[in-house]
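Hello,

Here is the structure I promised to hand over. Please have a look at it first, and then read on for what turned up.

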Amino acid sequence: MSEAFRASMNWLHTWAGLVVGALLFAIFWMGTLAVFDREIDRWMMPRTRVEQAASVSIDAIARTMHPLAVAAKARRWGVQMPSARQPTARAYFDTATERRVLHLDPATGTVIAPERTLGATGFFYPFHFSLFIHHWNLGEWLAGLAAMTMMAMCVSGVVIHRRIFVDFFTLRIVRKAQRTTLDLHNVTGVVGLPFNFLIAFTGLVIFMSVYLPGIRTVLYPGEPSAFVAEAYGTPRVPPLKQPADLAPLGPMVEEAQRRWNGAAPATVLVFNPGDRGASVMVNQDTSSRVTMNADTVLFDGATGRVIAGPHRYSPTMMTLGYLSGMHYAWFRHTVLRWLYFVSGLAGCVLIATGFLFWIQSRAKRHAKAGVRGMALVRGLSVGATLGIVLASLAFLIANRLLPDVPTIAGVPRAWMEVRAFCIAWLLAFAHAWLRPRTAWREQSVVAGIGGVAAVLLNWLTTGDVLPVSMAAGRWSVAGVDLVLLAGSATALFAARRLAARERLMDPGDPGLVRGVP
Amino acid sequence: MIDALLLIAAWFSAFLGAALIALTNRAHRAAVGYAAETRHGGRGNGIFGGLSLVLTTVLAILRDGFGMGLLLAPLLIATGMATVIGILAVRPNLLHRRWTLLAMMKRIRPRQ
């Protein structure tokens, strides 16, 4: 391999990582949390910590939801059937301006609780791919840029790692922090290479239609919904503007199950509720496999007659379904999802150590040469990594501190939690730029305290102290508490090590990198 | 129960494979406490290590089928490798044959 090529890859790896690293960390961090989104939801929605019902009555659910959706002139309503990860029936309806979500008892259809938080499924998960920037799909485009960059850095990282095989298992924990940082970066990069490349690639595949809009325009000119009908078997039926009752949903679900040879339903969607043109989609539960093909069966909502389905997917769509399933990780396989979670955290460590190594390898040189901008990068690295961790903790703490009312000071409660997240993140950036030399240590301390505070608040506000949750088998809540405590311990340990390093350093050295582990 | 045993066996196979491959490296062998020059060269350990990783894949597929098994196997191998890296970094002598089933793999013993 020519040295010029290696040098060009090194340049690409260094600068692409620096420029896109902050965005990439945010996406990786949120994706990692989203692996356990339903479990975090249980933590954030205490009233939904119920036993899974022995039976499910879709008609009882419809008796609650359908009148509400008709009264609100909703375009559709839907229900996610209960599962081990989500014991309630999560039902929602969409109006022209908003989505209302209710958790229902699956057996009786009675409302257990309205959803007054976005939770992980409504915040961490969409943040992962949209960054909550919806104008012109800008968030998806930025996520796509990050995914492309990740793939490019995986390839360029392999090219520039001269001793990739010799140092494959080498992690030197030594006094020289730069050596340890680079080893940690290499180890997490090499061991996590297949996962990181796969997750970036499948992320791009999922949003293929956003990144390559021309495909639909050329193949389905003037009729974008034809793509959805052909690919997923879910044609849009327009409203007829004539009132009509909804036929019983129970027989429709039974018919769908009969056509699936007994497979369970995952979601039931009712379009144009209250209209003679209502249609009902019953989607299959795909949690027992990777491929996410829902084999939708479509019914006429007014008569209960089958319109189409189950849909037979083309080989292309089957491939897309498998690739998407690999990324979404919605399967019912706890060990695999934990491995995704750990791999996601390793990806976060990879990005953070990349930032650190950039700083450590240049700090003295830049200080001697009088190059400016190091403080900016230091602040960026702390704010982008520890900052978003702190913001996520602030989101959880706000969830436990805010009163359980629909609005607070005129703002929906759910968005107050998001404000807490944004304010905490901005404060973390401001702090990192104001105190770049000690920011790592100080924010580690705050993260350590924040994690413990979240666990304590969960106990005080719900009574679910960790041993009680474990004894009662509420593993989703106990798991979140345990991860918070483990994260706190790690953060406090890191802060202690950083403090020890700071004491050892010579404050007279102009190029020293205080506060950088 | 069988699922749990298969999972443990798959992970241990991944760990063993990673350890054997790691010990093909002279520096790691020295760190673990073996003589750098072994009677059998690194090649044999590499082959056994590779076979062990293949076994992980087979066990993962047996447990979960091709769909999830092919996802599970590389992630188990990655965690096995991460464990070996961690041990080599902190307490390399834990990989010594007195402490691990590597004793059964008589590929790694000092030259007599």
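Below are some notes on conventions, followed by the findings.

This is a predicted model, in which local features need pLDDT of at least 70, side-chain atom pairs count only at pLDDT 80 or more, and totals for chains, interfaces and linings use all residues. Residues are numbered from 1 along each chain as its sequence is written, chains are lettered from A and ligands numbered from 1 in the order in which they are written, and side-chain values use heavy atoms, with hydrogens and water left out.

Five of its seven residues are buried, so E5(A) is largely enclosed by the rest of the structure. Here buried means under 20% relative accessible area, exposed over 50%, and partly exposed in between, with a 1.4 Å probe and protein chains only. E5(A) pairs antiparallel with E1(A), residues 76-80, over five bridges, where pairing takes at least two DSSP bridges. Gly78(A) stands opposite Leu269(A) there. Six bridges link E5(A) to E6(A), residues 279-284, also in the antiparallel sense, and Pro265(A) faces Gln284(A).

Next, a loop residue: Glu115(A) lies between strand E4 (111-114) and helix H4 (119-130) of chain A. Glu115(A) is buried, at 16% relative accessible area. Leaving aside neighbours within four places in sequence, Glu115(A) is in contact (heavy atoms within 4.5 Å) with Met45(A), Arg90(A), Val101(A) and His103(A).

Now the aromatics. Over all chains, the whole structure holds 31 aromatic pairs; rings of Phe, Tyr and Trp (its six-membered ring) pair if their centres lie within 6.5 Å, and planes under 30 degrees apart count as stacked, over 60 as edge-to-face and the rest as tilted. Tyr328(A) and Trp330(A) have ring centres 4.8 Å apart and planes at 45°, so this pair is tilted. Tyr328(A) is partly exposed at 24%, and Trp330(A) is partly exposed at 37%. Trp425(A) and Phe429(A) also form a tilted pair, with 6.0 Å between centres and 35° between planes. These two are both buried, and they sit about one helical turn apart because four residues separate them in H15(A), residues 413-434.

Finally, chain B has three helices and zero strands, and 45% of its 112 residues are buried.

Best wishes

Key:
Helix = DSSP H or I, 4+ residues; strand = E, 2+ residues; numbered from the N terminus.
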